[in-house]
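Me: I've got a model open on my screen and I'd like to learn how to read it. Could you walk me through it?

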Amino acid sequence: RQLEFPAKGTVFACPSAGLYSTAPDFVRFTRMLAGRGAFGGVRILSEKTFMETIARKQTPDAIPTAYSLGNRIEGDWVGHSGTLKCDQRANIRTGEAKLFFTAVSVAGGAGFDHAKAAWEMAVEKGAGR
């Protein structure tokens, strides 16, 4: 429904309404998030502006996951788990950037679902959760 225009009902901030990129650019973007707006020694966003983009939950209380300007916020981690078989997370405290990509169709099947679940558990274990 997020790709239906004009939008029906209330639309909340989320990247799933058509965020497309190449894998190398997605890696750079995630590293920029982990760098609090800086990447490769270049300041892309001021740290103040970057922190304001993740400062408040923009989804209603009925939606338990906190999203702010398209990023899921879980403690020190910001990112997005994409429907099209990718996952991106950046730790704004440690500077870690973690990404998961796979070249499968949307109907990736149970094998993909198990692989992604294992990856998410490894990320969460590495995050001390």
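Me: What pLDDT does the protein chain average?

Reply: pLDDT is the predictor's confidence in each residue, from 0 to 100. Where pLDDT is low, the predicted coordinates should not be read in detail. Here the average is 75, and 69% of the residues score at least 70.

Me: How many helices and strands are there in the protein chain?

Reply: Both are DSSP runs numbered from the N terminus: helices are H or I with at least four residues, strands are E with at least two. This chain has three helices and seven strands, in the order α-β-β-α-β-β-β-β-β-α from the N terminus on. Among these elements, confidence is lowest in helix H3 (residues 109-126), with a mean of 73, and highest in strand E2 (residues 42-43), at 95.

Me: Which residues make up the largest nonpolar core?

Reply: In soluble globular proteins, nonpolar side chains tend to be buried together. A nonpolar core is a set of buried Ala, Val, Leu, Ile, Met, Phe, Trp, Tyr and Cys residues joined through side-chain atoms within 4.5 Å. Buried means under 20% relative accessible area, exposed over 50%, and partly exposed in between (1.4 Å probe, protein chains only). The largest core here has 10 residues: Met32, Leu33, Ala34, Phe50, Ile54, Ala66, Ile73, Val78, Ala90 and Ile92. Helix H1 (residues 23-34) gives the largest share, three residues. The buried residues of H1 also include Phe26 and Thr30.

Me: And where do Asp25 and Arg28 sit in helix H1?

Reply: An α-helix has 3.6 residues a turn, so residues three or four places apart point the same way. Asp25 and Arg28 are three residues apart in H1, about one helical turn. They form a salt bridge, with the closest N and O atoms 2.4 Å apart; the term means a side-chain nitrogen of Lys or Arg within 4 Å of a carboxyl oxygen of Asp or Glu. Asp25 is partly exposed at 37%, and Arg28 is partly exposed at 38%.

Me: What about Arg93 and Asp76, which parts do they tie together?

Reply: Arg93 pairs with Asp76 in a salt bridge at 2.6 Å between the closest N and O atoms. Arg93 lies in the loop between strands E6 (86-91) and E7 (97-101), and Asp76 in the loop between E4 (71-74) and E5 (77-82), so the bridge ties together parts 17 residues apart in sequence.

Conventions. Residues numbered from 1 in each chain as written. Predicted model: local features only at pLDDT ≥ 70, side-chain atom pairs only at ≥ 80, totals over all residues. Heavy atoms only, no water.
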